[in-house]
2 protein chains.
Amino acid sequence: MTSSDLLAPTTTQTVPRLIALDWGTSSLRAYLLGDEGTVVDDITVPWGIMATPDGDFARALESVTGTWTNRWPGLPMIAAGMIGSAQGWQEIPYLGCPTGLDDLVAAVRAQPAVPGTSLKIVPGVALDGDIPDVMRGEETQVVGALALDSGLSQRSLLIMPGTHSKWVAVRDGRIVTFTTYLTGELFAVLSQHSILGRPAMAVAKESKPLVPAWTAFDRGVRTVRGNPGRPLSSLLFSTRTLVLSGRLTASESLDYLSGLLIGEELRSALSQTADGFACALIGESGLCQRYRRALDLFGVDHAQIIAGASPAGLWRIALQL
Amino acid sequence: MTSSDLLAPTTTQTVPRLIALDWGTSSLRAYLLGDEGTVVDDITVPWGIMATPDGDFARALESVTGTWTNRWPGLPMIAAGMIGSAQGWQEIPYLGCPTGLDDLVAAVRAQPAVPGTSLKIVPGVALDGDIPDVMRGEETQVVGALALDSGLSQRSLLIMPGTHSKWVAVRDGRIVTFTTYLTGELFAVLSQHSILGRPAMAVAKESKPLVPAWTAFDRGVRTVRGNPGRPLSSLLFSTRTLVLSGRLTASESLDYLSGLLIGEELRSALSQTADGFACALIGESGLCQRYRRALDLFGVDHAQIIAGASPAGLWRIALQL
């Protein structure tokens, strides 16, 4: 115990109850959760399952959570994400759709972890058919979002922007279907490796803008919205021609490209969605702001941004174990 | 003169009339053309305008065509492609649409080249508006295709697959509009730099297939055709999930991806095209075969492949100068 612990009044002292892990492909986020699932402490390391030192998941877990487990031994531990995939620690079979909290809880499996404790791992969810789709980790964020805002349970669309964006349709508290869009990865490969990224790369060393060029971003979104018959692959080239013709600066060009890509995702996803749904964005804050802005331009002005969905979902699932 | 020249009967000896250059971003193709525009000789070097040694266009031209000009001094020379862009030898302003042979001929400019000779450079064509588009070199291939097959003049769709595919609509011998699709570049960046290319990369060293996996390619095309409401960015992820679920092998995966990308291009371009048009494919032979196969799956079975459009177009333009 440190002196600051001694000084803190014991009545407001939060007692840790759970160690919750969001263990994905590229990073490991660990949360120390107290009563009601409040986040007492958290740590993020770049030890996703593809970058765990020596592929030793047990040692990585011990290293990340050691400070907590030394002080509060025997805390239960739960994880969601790619750690439950074939490339992870233990493969937990996917659940089909529709699926909800009870199904996820029933399918959780235990992986012996640090001596004396097992790590509970949440399964992912899959869609079968000609165009199969999968998620691992997002199902837990859905559970968390519904716990944080009960208004989302009956009928909602949960949007999770990222490298592989997920759009999840929820009915009566269950995931009924979902779609993955490669938007984030398309942006990364096009801006880093294609002709579209060259002008921005040339000026990037001089000045890296701190805020997005919103006018250029909006223009990209509006270009997609205003040209319903033209698919993304025919609109992308305008990122180059607008710069060549002096109507877009090099430093604005990537925000225009971002607007095109996010606009295409919204155009498609919203066209398959009936009205009257609640709508929430879950993910990295800056990216959620971009999506909310684009949603506004598509006439969807009621999207709220939900933070902390992952630890909230892990808490909710652990409560039922 | 070599002995073989002496042995050849002089009556069938082709006298060179023109040096014709297709000088693009990544390569320089030079043709020695005889009467009627027949190709007497040709040479291709990787000296596109971005890779010309020392950026010295005059020396590159002399080096490539020296054997011909030493033997037949004073041959006229003409070029089309990016050599006429702002990054090329001399910027030739774009023409607007509609445009035809006469307009192109009138806008050709001369660039002093090797001593005593100038190089005539053909302009590109541009579309203005919110989604600007440009071409340089393809306009000359259009002229060549119409010269090689007069059936294309009245009303046709010319498809030029490549890094930046062009679809050109022709009416009464003139280019009325065109659209660029980033299909080839999307395939390159996704297969080389995204998660979709990883399985194929892992097996590529073991066995590089000599022929495309046509079944996988067809499946990609059909997936796009059979899912009209789903855009490319939501179908791309199936390249990964089909491999993960064992329904596509790693070595087939890139041909499936190719089918998705070409299918998306066709789905979009054909949806904007009325019936009753002649249709031709112009470009690299293997790629044209892919497109013809995909067009068949979309019910367009009358697409012919046209070879030699570039020298034919340069010949046709030079005739009018």
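Residues are numbered from 1 along each chain as its sequence is written, and chains are lettered from A, with ligands numbered from 1, in the order in which they are written. Because the model is predicted, local features need pLDDT of at least 70 and side-chain atom pairs count only at pLDDT 80 or more, while totals for chains, interfaces and linings use all residues; side-chain values use heavy atoms, with hydrogens and water left out.

The model scores ipTM 0.88 and pTM 0.90.

A cavity is defined on a 1 Å grid over the protein atoms alone, as a set of points where a 1.4 Å probe fits but cannot get out; its lining residues have an atom within 4 Å of a point. Grid points are joined across faces, edges and corners, and a volume is the space filled by probe spheres set on the points. By this rule there is one cavity of 30 Å³ or more, and the largest cavity holds about 40 Å³ of space. Chain A contributes Leu186(A), Leu232(A) and Leu236(A) to its lining, and chain B contributes Leu186(B), Leu232(B), Ser233(B) and Leu236(B). By class, six of these residues are nonpolar, one is polar and none is charged; here Ala, Val, Leu, Ile, Met, Phe, Trp, Tyr, Cys and Pro count as nonpolar, Asp, Glu, Lys and Arg as charged, and the others, Gly among them, as polar.

Ser233(B) sits in helix H8 (residues 232-235) of chain B; helices (H or I, at least four residues) and strands (E, at least two) are DSSP runs, numbered from the N terminus. Ser233(B) has a relative accessible area of 3% and therefore counts as buried, where buried means under 20%, exposed over 50% and partly exposed in between, for a 1.4 Å probe and protein chains only. Leaving aside neighbours within four places in sequence, Ser233(B) is in contact with Thr180(A), Tyr181(A), Leu182(A), Leu186(A) and Glu264(A). Leu236(A) lies in the loop between helix H8 (232-235) and helix H9 (238-244) of chain A, and at a relative accessible area of 0% this residue is also buried. Not counting residues up to four places away in sequence, Leu236(A) touches Leu190(A), Leu196(A), Leu257(A), Leu260(A) and Leu261(A), together with Leu182(B) and Leu186(B) from chain B.

Two further helices of chain B are mostly covered. Helix H10 (residues 250-271) has 22 residues and reaches 32 Å from its first C-alpha to its last, close to the expected 32 Å, which is 1.5 Å times one less than its number of residues. Of the 22 residues in H10(B), 18 are buried. In helix H12 (residues 309-319) of chain B, eight of 11 residues are buried, among them Pro311(B), Leu314(B), Trp315(B) and Ile317(B).

The loops remain to be considered, beginning with the one between strand E4 (77-80) and strand E5 (99-100) of chain B, where Gly88(B) is placed. Gly88(B) is buried, with a relative accessible area of 16%, and touches Ile49(B), Phe57(B), Met82(B) and Ile83(B), not counting residues up to four places away in sequence. Pro98(B) is found in the loop between E4 and E5 of chain B, and a cis peptide bond with omega about -5 degrees joins Cys97(B) and Pro98(B). In chain A, the peptide bond from Cys97(A) to Pro98(A) is cis, with omega near -5 degrees.

Most residues other than glycine have a negative phi, and most peptide bonds are trans. Glu36(A) has a positive phi near 65 degrees; this residue is in the loop between strand E2 (28-33) and strand E3 (39-45) of chain A and is exposed, with a relative accessible area of 72%. Asp172(B) also has a positive phi, near 50 degrees, and lies in the loop between strand E11 (165-171) and strand E12 (174-181) of chain B. At 63% relative accessibility, Asp172(B) counts as exposed.

Key: Contact = heavy atoms within 4.5 Å. 1 Å grid on protein atoms, 1.4 Å probe; cavity = no way out; pocket = protein on both sides within 12 Å on 5 of 7 lines; lining within 4 Å.
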